[in-house]
Amino acid sequence: MSVAITCTDCTGISYVTGKGFSAAFETLKECYEKVVNDFRDTETLGRPLHQALQSLEEVFKECSEDNWDGYNAHPMTEGAYYEAVRLFEMLPSPTFLPDEVTPEPDGSISLEWYKGKTRLFAISLSGRNEIVYAGIFGPNEIHGTVYFGASVPKRVMENLKDLLS
Amino acid sequence: MPHKGETSVFRVSGISDIEIWHIGEKYVVSSQNKPLFGRADITASIIMDNGLDVIPQEPPVKHANIIGWPEDKSKQMEMAMQLALKAQFHKKD
């Protein structure tokens, strides 16, 4: 018997993001990815991610045509959708999955997290390898843009940890 | 969030709750063919206090646009959050 416990300060269980060229690197990468896949088959870690990816796909399908909002919105781009999938898979644990997935009229996708009435954080993905973010943390406001490469940008993770702590 | 620099709104000051929902059904639901879940009410003064403006854009009657959004999208997001925090949400029964 096991009990699911919320993980609030995980180092993360994500795929290998570094680059290597040796045979040893490939072997280690395969082993590590098997461990990650086994974790994702678990009820605690795998199910919330699977459900979040399903919701994301539904939003993508609903908003993949012109004028999905009745106000001449652009269709959600495949680039934005796959960037969101990539981000979901890179998040260290289900605790960090967003509360809301929202299509934007410019073809981007917005992910939002809430904690109470005055603490919220949102990012926008457009398929251009960048994350536009903004947040309100009580009296403090932040906004900016960061490069989205092989891992979740440090600034985004710090803000999420700050919000969810 | 704005689209092409504008956010579409309806001016509802001085009209009844029933009339407000009717606007939603007539001009929003019909164009999107989707159910109406709720609405967010906010006063024009709050919008203007945040450095934005509201200009009438009819038809349809009472339609307006929020304009004056900054070019930078992250700043737009921050302003939209501020407005959302100050808006009053009404869930559709």
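This is a predicted model: local features need pLDDT of at least 70, side-chain atom pairs count only at pLDDT 80 or more; totals for chains, interfaces and linings use all residues.
**View 1. The contact between chain A and chain B.** Chain A brings 29 residues to the contact and chain B brings 20 residues. About 1800 Å² is buried between chain A and chain B, and carbon and sulfur atoms give 59% of that area. On the side of chain A, the residues that lose the most area to chain B are A:Tyr71, A:Ile136 and A:His143, which together make up 29% of what that side buries.

**View 2. Polar contacts and the chain A side.** Eight residue pairs are in polar contact across the interface of chain A and chain B, both residues at pLDDT 80 or more. On the side of chain A that touches chain B, the elements giving two or more residues are β3 (119-125), β4 (130-137) and β5 (140-147) of chain A. The residues of that side divide into 13 nonpolar, 10 polar and six charged.

**View 3. The salt bridge of B:Lys73 with A:Asp106.** The two side chains meet at 3.0 Å, N to O. B:Lys73 lies in helix α3 (residues 73-86) of chain B and A:Asp106 in the loop between β1 (100-103) and β2 (109-114) of chain A, so this pair joins two chains. B:Lys73 has 17% relative accessibility and counts as buried, whereas A:Asp106, with a relative accessible area of 38%, is partly exposed.

**View 4. The salt bridge of B:Lys73 with A:Glu104.** The side chains of A:Glu104 and B:Lys73 meet at 2.8 Å, N to O. Through shared partners, salt bridges join A:Glu104, A:Asp106 and B:Lys73 into one network.

**View 5. The salt bridge of B:Arg11 with B:Glu58.** The closest N and O atoms of this pair are 2.7 Å apart. B:Arg11 sits in the loop between β1 (7-10) and α1 (17-32) of chain B, and B:Glu58 in the loop between β3 (53-56) and β4 (63-67) of chain B; the pair links distant parts of the chain, 47 residues apart. B:Arg11 is partly exposed at a relative accessible area of 33%, and B:Glu58 is partly exposed at 45% relative accessibility.

**View 6. The salt bridge of B:Arg39 with B:Asp41.** The side chains of B:Arg39 and B:Asp41 meet at 2.9 Å, N to O. B:Arg39 has a relative accessible area of 13% and is buried, because buried means under 20%.

Terms used: Residues are numbered from 1 along each chain as its sequence is written. Chains are lettered from A and ligands numbered from 1 in the order in which they are written. Side-chain values use heavy atoms; hydrogens and water are left out. A salt bridge is a side-chain nitrogen of Lys or Arg within 4 Å of a carboxyl oxygen of Asp or Glu. Helices (H or I, at least four residues) and strands (E, at least two) are DSSP runs, numbered from the N terminus. Buried means under 20% relative accessible area, exposed over 50%, partly exposed in between (1.4 Å probe, protein chains only). Contact means heavy atoms within 4.5 Å. Buried area is the accessible area (1.4 Å probe) that two parts lose on being put together, summed over both. A polar contact is a pair of N or O atoms within 3.5 Å; within protein, one must be able to donate a hydrogen and the other to accept it, and residues adjacent in sequence count only if both atoms are side-chain atoms. Ala, Val, Leu, Ile, Met, Phe, Trp, Tyr, Cys and Pro count as nonpolar, Asp, Glu, Lys and Arg as charged, and the others, Gly among them, as polar.
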